[in-house]
Amino acid sequence: MLRSEELPDCFYYQNKPTLITPNTSTPNHSLYLSNLDDQKFLRFSIKYLYLFEKAVAIDILKYSLSKVLVDYYPLAGRLRPCGGAGDDDKLVVDCNGEGAVFAEGFMDISCEEFLQISRKPNRSWRKLLYRVEAHSFIEIPPLVVQVTNLRCGGMILCTAINHCICDGIGTSQFLHAWAHVITKPTLDLRILPFHSRHVLKPRDPPQVTHTHLGYTKTTFKDNNIHVDINQYLQSQPLVPTSFTFTSAHILRLKRRCIPSLKCTTFEALASHTWRSWVRSLDLSTTFKVKLLFSVNVRKKLIPEIPQGYYGNGFVLACTETAVKDLVTSKLHHGIKLIQQAKSSLTDGHVRSMIDLLEDKNVKTDICSSLVISQWAKLGLEDLDFGQGKPLHMGPLTSDIYCLFLPVAGNFDAVKVQVSVPECVVEKFEYYMMDGLDEEENGEQNGFI
């Protein structure tokens with residue numbers, strides 16, 4: 001049995017990974033990326049970790065990947081700056097069929113042992129995803145896969161999917177398409193990918209008709225009552241925290257607002273997490289803080305974004321309040337702000353945001369913000385390559401950005417994961433579970 005959370009070394013079967021190319025010819029062209037795709041804020045890869053009790057044969061995984069890349073051929077291409085000068089230029093995808101990186105290895109660990117330490121990521125998990133040597137983000141292939149076979153016959157599948165090409169819904173759509181090729185090889189894909197990003201093209205000339213709290217100009221300085229929380233966090237030793245909220249926990253949160261306010265699970269959890277995070281940081285009550293959270297706008301636009309669109313079809317909704325109002329008010333204060341931010345995301349608001357991003361001096365304002373990304377309810381935990389659904393699904397790493405994650409085997413539960421400064425971990429843990437972790441009818445404490 002493992003004596004610590006440190007994973008053993010991964011032994012690669014080959015010195016170098018292989019490149020998996022589409023198994024038939026694919027279109028060779030440059031794929032335009034929308035302003036939502038091309039934000040500096042999204043220039044990273046979404047890294048998933050899946051643990052499966054039974055391994056799928058490597059040859060089957062490779063062949064099926066080569067088949068699904070025929071449909072999702074941009075993931076076999078390479079990013080490049082449109083102007084050819086550097087990383088600061090607008091990016092496009094060179095759909096050249098160069099291929100996805102595929103590494104295979106072995107780790108002397110069992111599924112059971114991994115589950116014992118899977119409550120939150122640690123640095124040793126990085127052994128589970130091949131590190132591509134690159135000078136910059138755009139040199140990393142859009143899709144990197146590592147399959148690690150385990151001592152017990154299980155496997156860990158890690159994927160790194162370029163966020164400029166796919167959002168969370170898009171990655172889920174792609175991974176389920178890959179699984180479909182294995183489990184239903186004679187049937188066409190249930191959802192065909194929609195490649196064109198021109199449905200989110202800015203207007204000419206741009207028309208910024210709304211206020212966008214979530215963005216700021218790089219030249220803009222505010223010496224008033226904002227504080228750079230992000231800079232403070234980055235300067236501190238960070239510790240991953242993780243909390244599993246069962247349906248009972250969520251119901252107790254919602255009861256704090258009933259009967260005066262009805263809310264969704266996301267709204268209650270987001271407000272509670274934002275408030276707990278701010279309280280734990282002991283900020284001055286005069287400061288203003290923001291909450292940025294992802295909202296799918298595929299069905300909010302007129303006309304709606306076509307089915308199968310796997311690019312970034314989400315925007316970051318934003319709300320702002322004074323620290324004093326957030327921490328001294330009940331949960332409903334944050335919930336109302338979140339609801340207002342969501343309802344403001346009309347077609348006109350989103351189009352205005354797309355036009356705003358034509359100005360390359362505009363960037364996401366994370367200096368005084370908690371950022372929440374919603375991974376729950378995307379079907380990520382239902383991925384099945386023919387040997388059963390995963391025992392565990394989650395991110396490979398933890399960061400200052402907060403993730404709402406699915407819980408394998410429990411559709412109604414949500415795992416909240418975020419890294420916070422080591423000096424505030426205890427306070428944050430207390431505020432997150434205060435009044436929620438009492439046992440009723442034998443319920444287990446949801447705090448991890």
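This tour moves through a predicted model, one selection at a time.

**Confidence.** Begin by colouring the protein chain by pLDDT. Its mean pLDDT is 92, and 93% of the residues reach 70 or more. Next, select residues 220–224, where pLDDT stays under 50 and the model has zero contacts beyond four places in sequence. Then select residues 439–448: here too pLDDT stays under 50, but the model has 19 contacts beyond four places in sequence.

**Residue S45.** Select S45, which lies in strand β4, residues 45–52. Is S45 buried or exposed? Its relative accessibility is 15%, and because buried means under 20%, S45 counts as buried. Show the residues around S45: apart from neighbours within four places in sequence, S45 is in contact with F137, A160, I161, N162 and H163.

**Helix α1.** Select residues 58–71, the 14 residues of helix α1. At 1.5 Å a residue, the helix should span 20 Å; the C-alpha atoms at its ends are 21 Å apart, which agrees. Within α1, highlight the buried residues I58, L61, K62, S64, L65, S66, V68 and L69. Among the elements that cover these buried residues are β2 (18–20), β7 (100–107), β8 (143–150), β9 (155–162) and α3 (168–183).

**Helices α5 and α6.** Finally, select residues 247–255 for α5 and residues 265–281 for α6. The two helices pack at an angle of about 80°, with their axes 10 Å apart; α5 and α6 are therefore roughly perpendicular to each other. Which residues of α5 and α6 meet? I250, L253 and K254 of α5 meet T265, A268, L269 and H272 of α6. By class, this contact has four nonpolar, two polar and one charged residues.

Conventions: Residues are numbered from 1 along each chain as its sequence is written. This is a predicted model: local features need pLDDT of at least 70, side-chain atom pairs count only at pLDDT 80 or more; totals for chains, interfaces and linings use all residues. Side-chain values use heavy atoms; hydrogens and water are left out. Helices (H or I, at least four residues) and strands (E, at least two) are DSSP runs, numbered from the N terminus. Buried means under 20% relative accessible area, exposed over 50%, partly exposed in between (1.4 Å probe, protein chains only). Contact means heavy atoms within 4.5 Å. pLDDT is the predictor's confidence in each residue, from 0 to 100. The expected span of a helix is 1.5 Å times one less than its number of residues. Axes are lines fitted to C-alpha atoms, for helices over the stretch in contact, and angles run from 0 to 180 degrees between N-to-C directions. Angles under 35 degrees count as roughly parallel, over 145 as roughly antiparallel, 65 to 115 as roughly perpendicular and the rest as oblique. Ala, Val, Leu, Ile, Met, Phe, Trp, Tyr, Cys and Pro count as nonpolar, Asp, Glu, Lys and Arg as charged, and the others, Gly among them, as polar.
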